[in-house]
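Got a new structure open and wondering where the labels come from? Let's go through some of them one at a time.

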Amino acid sequence: QVQLVESGGGLVQPGGSLRLSCAASENIYRTSVMGWYRQAPGKQRELVATITVAGSTNYADSVKDRFTISRDYFKKMVYLQMNSLKPEDTAVYYCNAKKQLVGITIGDFWGQGTRVAVSS
């Protein structure tokens, strides 16, 4: 069974920090590009950051130099460290796993989401 379970969301003041965590099941973690996406009220879901199996990262322009994605292979975890948070970062954040086979995505899995609210 595929599982992605997020945690770490909450309410934070502008300029503050949060760390989101995603626990992934064994059957997808080691062969997946892992990522974080977000969906703000009334908007489409958008990419925040991704990290490959080899550790290469990619970020949306809006979060570069503020957010850091990382993965712990032993714990099967993916993290999103969010610093200098802005009100426009308010959204539901989703963990995503794109299972790869010889460079092709053969599965696309989502967590249930965790809410982040940035407000004074």
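Q: What makes cysteine 22 and cysteine 95 a disulfide?

A: This is a predicted model, and in it the sulfur atoms of cysteine 22 and cysteine 95 sit 2.1 Å apart. A disulfide calls for sulfur atoms within 2.5 Å, so the pair gets the name. A search of the whole structure turns up 1 disulfide.

Q: Which parts of the chain does that pair link?

A: Distant ones: cysteine 22 belongs to strand β3 (residues 18-24) and cysteine 95 to strand β9 (residues 91-101), 73 residues apart.

Q: Why is the disulfide of cysteine 22 and cysteine 95 called left-handed?

A: Because the torsion about its S-S bond is about -80 degrees.

Q: How do you know whether asparagine 96 is buried or exposed?

A: Look at its relative accessible area, which is 1%. Buried means under 20%, so asparagine 96 counts as buried. Its place is in strand β9.

Q: What makes the meeting of asparagine 96 and aspartate 108 a polar contact?

A: Their side chains come to 2.8 Å, and the cut-off for such N or O pairs is within 3.5 Å. The side chain of asparagine 96 also reaches the backbone oxygen of phenylalanine 109, at 3.0 Å.

Q: Why is the pairing of glutamate 46 and arginine 38 called a salt bridge?

A: In general, side chains of opposite charge can pair when their charged atoms come close. Here the N to O distance is 2.7 Å, and the rule asks for within 4 Å, so the pair qualifies. Arginine 38 has a second salt-bridge partner in aspartate 89, at 2.9 Å, N to O.

Q: What makes arginine 38 buried but glutamate 46 partly exposed?

A: Arginine 38 has 6% relative accessibility, and buried is under 20%. Glutamate 46 has 35%, which falls between that limit and the 50% above which a residue is exposed.

Q: How do you know that aspartate 108 and lysine 98 form a salt bridge?

A: Their closest N and O atoms are 3.2 Å apart, and the limit is within 4 Å, so they pass. Aspartate 108 lies in strand β10 (residues 104-110) and lysine 98 in strand β9, so the pair ties together parts 10 residues apart in sequence.

Q: Why do aspartate 108 and lysine 98 count as partly exposed?

A: Their relative accessibilities are 42% for aspartate 108 and 21% for lysine 98.

Conventions: Residues numbered from 1 in each chain as written. Predicted model: local features only at pLDDT ≥ 70, side-chain atom pairs only at ≥ 80, totals over all residues. Heavy atoms only, no water. Helix = DSSP H or I, 4+ residues; strand = E, 2+ residues; numbered from the N terminus. Buried < 20%, exposed > 50% of the residue type's maximum accessible area, 1.4 Å probe, protein only. Polar contact = N/O pair within 3.5 Å; in protein donor to acceptor, adjacent residues only side chain to side chain. Salt bridge = Lys/Arg side-chain N within 4 Å of Asp/Glu carboxyl O.
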